[in-house]
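I opened this structure to look up how its parts pack and pair. My entries follow.

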Amino acid sequence: MFQQLSYRTRRASLPILAGIALVLAGCTQPGPGHDPSVVFDPHESVNRQNHEFNRALDEKLLRPAGVGYTKAIPDDLEDSIGNFSSNLGLPGTVVNNLLQGNVEGAFRNSVRFVVNTTLGLGGLFDAAGEFGIEEIEGDFGQTLYVWGVPEGAYVELPGLGPSTERAAAGKVVDLFTNPLSYVLPSPEKYVGTAAGVASKVGERGRYADAIDSILYNSADSYSQARGIYLQNRRFKLGDGDAAEEINPFELDTQGF
Amino acid sequence: MTNFTRRQATGFVAAAVAGFALAPSAAMALNEASAKKLVDALVDEINKTIASGKSEQGMYKDFERIFAKYSDTSYIAAYAMGNDGRRASGAQKKAFSREFQKYISRKYGSRFREFIGGRLEVNSVRPVKSWYEVKTTAFLRGESPFTVTFLVSDRTGRDKFFNMFIEGINLLLTERTEVGALIDRRGGNIDQMIADLKKAG
């Protein structure tokens with residue numbers, strides 16, 4: 001069992017190293033004269049094409065599925081599927097917490113995983129959340145941020161949506177960071193994947209109003225999605241202090 | 001020597017006048033407690049509206065009133081219009097301000113439905129340059145708690161919030177992007193943008 005595990009780990013480390021190399025080599029850097037308050041989006045025309053593709057995909061497939069799912073599935077069951085899927089993701093989060101040197105986060109998330117897997121009946125219930133033990137988020141894109149890799153250009157990926165070059169590289173690496181994917185045998189693994197897909201579809205239904213307002217009710221949904229993604233991502237990373245960016249005393253409000 | 005004393009005297013009088021003039025406003029100045037008080041009152045009114053069980057139209061009216069009472073509306077409107085505000089006429093600015101307030105109430109009022117059964121809790125205040133940041137946590141059914149932040153200033157002479165962040169997403173920036181796109185879509189025509197704004201949200 002352990003021999004098999006280490007063999008698999010060794011096999012897995014190759015794509016991780018390849019991924020890191022790709023990131024270090026691949027993140028586009030803005031030129032020295034670039035205004036930091038302007039989004040660095042050199043791939044805008046390709047991004048806009050992908051955005052149109054994503055919007056069509058959402059309109060034809062994801063949105064109807066999400067809205068139907070939320071209507072058909074009782075709220076409690078929907079919560080449980082979401083809990084189950086996010087619980088399975090926790091070991092991967094712990095790996096990233098550790099790679100970032102965030103021992104406290106790793107500890108919290110481990111406690112969460114143990115409590116929810118046992119008291120929460122395999123992760124169906126968020127028992128740890130009831131005790132106030134919330135998840136400390138972690139992904140490999142965040143790890144790269146902690147390691148000092150620059151954000152790179154903004155990208156919108158077909159089928160996956162808004163991202164940055166750094167976050168996109170992180171996503172690739174995160175396909176390999178969850179220890180559970182090496183330990184779980186095949187059929188159980190797919191239950192996790194299915195729950196993951198179901199919870200994503202459910203989120204589309206649950207946040208239908210919010211997502212619709214960005215995708216369908218804004219004048220330029222591409223720039224709106226870009227701005228919202230980048231601000232939220234940087235907030236989660238703790239990158240910059242948004243509260244300091246706007247000075248209310250520096251604006252001419254005469255006549256408004 | 002005489003000169004020096006006179007200058008000294010003038011300086012003293014000037015300082016005394018300035019001190020006297022500043023004293024009342026200093027007593028009323030924004031501080032952590034008053035910034036928190038503003039957000040507490042705002043959160044209380046929002047929670048009441050959500051719990052009122054009013055119709056959606058009734059709730060939008062309430063939100064419009066709350067928005068006008070607690071926020072620095074002229075600042076928010078001026079920021080949302082951005083550089084285009086410089087070439088807008090007085091009448092356009094007035095019309096924009098009015099329509100923009102209604103638009104905000106519709107847009108964010110409809111989202112507050114998601115807060116039914118939930119609550120906002122004020123948890124910290126900190127000074128940032130000459131304003132205050134008040135952090136609150138939103139607790140919604142079946143969701144991890146998330147952060148809603150208000151920025152409060154006394155720029156207008158009264159304590160008002162001038163910006164709001166939901167999980168780091170800046171209300172002012174989001175609306176500036178929106179208004180900018182509306183103006184671009186109309187080839188720079190401000191009147192048509194205002195007309196579009198009436199239907200948006």
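**Helix crossing in chain A**

I looked up the crossing of H3(A) and H4(A) and found that it is left-handed (the near helix is turned anticlockwise from the far one by less than a right angle). The model is predicted, local features need pLDDT of at least 70, side-chain atom pairs count only at pLDDT 80 or more, and totals for chains, interfaces and linings use all residues. Residues are numbered from 1 along each chain as its sequence is written, and chains are lettered from A and ligands numbered from 1 in the order in which they are written.

H3(A) and H4(A) (residues 103-118) pack at about 165°, with axes 8 Å apart. Helices are DSSP runs of H or I of at least four residues, strands runs of E of at least two, numbered from the N terminus. Axes are lines fitted to C-alpha atoms over the stretch in contact, and angles run from 0 to 180 degrees between N-to-C directions. The two helices are therefore roughly antiparallel (over 145 degrees).

**Chain A against chain B**

I noted that the contact takes 30 residues from chain A and 37 residues from chain B; residues are in contact if their C-beta atoms, placed from the backbone, lie within 7 Å. On the chain A side, H11(A) gives the largest share, 9 residues.

**Strands in chain B**

I found E1(B) (residues 119-128) and E2(B) (residues 131-139) paired in the antiparallel sense over 9 bridges; strands pair if DSSP finds at least two bridges between them. B:Arg126 has B:Glu133 in E2(B) as its bridge partner. E2(B) also runs antiparallel to E3(B) (residues 146-153), joined by 7 bridges.

Terms used
Contact = placed C-beta atoms within 7 Å. Parallel < 35°, antiparallel > 145°, perpendicular 65-115°, else oblique.
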